[in-house]
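Trainee: Could we go through this model together? I would like to begin with the overall picture and then turn to particular residues.

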Amino acid sequence: MTGTLRSFLSGSTGSPRRTTRPLFVRLCVVAAACLLLTAGCALQTAPAPPDSRVDLYAADTPEAFWRIIRQPGVKFRPQNMTAHASLYVSEGHKSARMRLDLWGSTALPLRLDLRSSIGSPLAYAREDKAAWTIFYPDSNRAYSHTDARRALPALDLPLPFSLRDMALLLTGHGFRLLTTAYQTATPLQAGGWTYTFATGPIQQADFDPAGNITRLQSATPEGWIMELSRYGENEFPLSPGKIVLSMAQDKTARIFLKSLAIRRQPWPDNATALNLPQEVDPIPLDGRPSLY
């Protein structure tokens, strides 16, 4: 990794929590979880939007629109995925480009590899039903948390997302990140609706007329905004081709989906394993303060 990239990613070194590793690498891990899929796997025909979504254009009330989006009674079917994306991060006048690979099941486990633009490894992460783990090869350190949604806040990054959350967002199931009941609804000028929520980590969600999420806003004081666009640019009509995540202090991450695919068969256990060096034991983050 170049000196410029290392400096950009390393963040403050004033406290033990911030010496653990760059805040932006952690941002990348989250933002990345959302888009990556291609690795010599058997492809399925791209899934079409649920039939019920056709009715969205006729839904003239926020209640009707919301019912179709939530699809009550429809059983969630996990997907075995693999994906590839480019990630651009910036903070003020500093910027860096990275490569992301995510693979596994939306029902877990999921694996994430983050590399620099020249292929140098930056971070490896894994999420299963028991824990969330991340390993930084350059410092030979690993960290873990039993609650994937609290892992990043414990590393000083105010994002209540897990790898699975972002994978769901990527595959068109982002509504599962929202609470089941909304507080207010306002029509958007270009069509669709803005919903607000009284509980949960997301305060506001915007949907276009087709039912795609176009904007998410944090409910926390630290604040972040996620904008999703370029739906339908690949064979997966519910998958966003671009995600922009804006945070405080002029920090931004832009993710561009390069390829997305679905496997017919589950990933074998060894394909989603995170094999740590023998001398490395993950440092638990469970006892650290969380923003949520």
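This is a predicted model: local features need pLDDT of at least 70, side-chain atom pairs count only at pLDDT 80 or more; totals for chains, interfaces and linings use all residues.

Trainee: What is the average pLDDT of the protein?

Mentor: The average pLDDT is 79, and 77% of the residues score at least 70. Residues 1–21 have pLDDT below 50, although the model gives this stretch 46 contacts beyond near neighbours in sequence. Residues 30–52 also stay under 50, with 81 contacts beyond four places in sequence.

Trainee: How many helices and strands are there?

Mentor: There are six helices and 14 strands. Of the contacts between residues at least 6 apart in sequence, 55% join residues at least 24 apart.

Trainee: What is Phe 207 in contact with, leaving aside its neighbours within four places in sequence?

Mentor: Its partners include Phe 65, Trp 66 and Ile 69. Phe 207 also contacts Leu 178, Leu 188, Trp 193, Tyr 195 and Ile 213, among others.

Trainee: Which residues of helix H4 are buried?

Mentor: Helix H4 covers residues 62–70, and its buried residues are Pro 62, Ala 64, Phe 65, Trp 66, Ile 68 and Ile 69. Their cover includes strand E7 (184–187), strand E8 (193–196) and strand E9 (202–207).

Trainee: Which residue follows H4?

Mentor: Gln 71 does, and its phi is positive, near 50°.

Trainee: Let me move to Thr 196. Is Thr 196 buried or exposed?

Mentor: Thr 196, in strand E8, has a relative accessible area of 18%, so it counts as buried. The side chain of Thr 196 makes a polar contact with the side chain of Thr 184 at 2.4 Å.

Trainee: What else is in contact with Thr 196, beyond four places in sequence?

Mentor: Besides Thr 184, Thr 196 is in contact with Tyr 182, Gln 183, Gln 203 and Gln 204.

Trainee: Now the backbone. Which residues does the cis peptide bond join?

Mentor: The cis bond joins Leu 108 and Pro 109, with omega about 5°. Pro 109 lies in the loop between strand E2 (94–105) and strand E3 (110–116).

Trainee: And where does Gln 249 lie?

Mentor: Gln 249 is in the loop between strand E12 (242–247) and strand E13 (251–263). Its phi is near 60°, a positive value in a residue other than glycine. Asp 250 lies in the loop between E12 and E13, and its phi is likewise positive, near 60°.

Trainee: Why does Gln 249 count as exposed?

Mentor: Gln 249 counts as exposed because its relative accessibility is 62%, where the cut-off is over 50%.

Terms used
Residues are numbered from 1 along each chain as its sequence is written. Side-chain values use heavy atoms; hydrogens and water are left out. Buried means under 20% relative accessible area, exposed over 50%, partly exposed in between (1.4 Å probe, protein chains only). Helices (H or I, at least four residues) and strands (E, at least two) are DSSP runs, numbered from the N terminus. Contact means heavy atoms within 4.5 Å. A polar contact is a pair of N or O atoms within 3.5 Å; within protein, one must be able to donate a hydrogen and the other to accept it, and residues adjacent in sequence count only if both atoms are side-chain atoms. pLDDT is the predictor's confidence in each residue, from 0 to 100.
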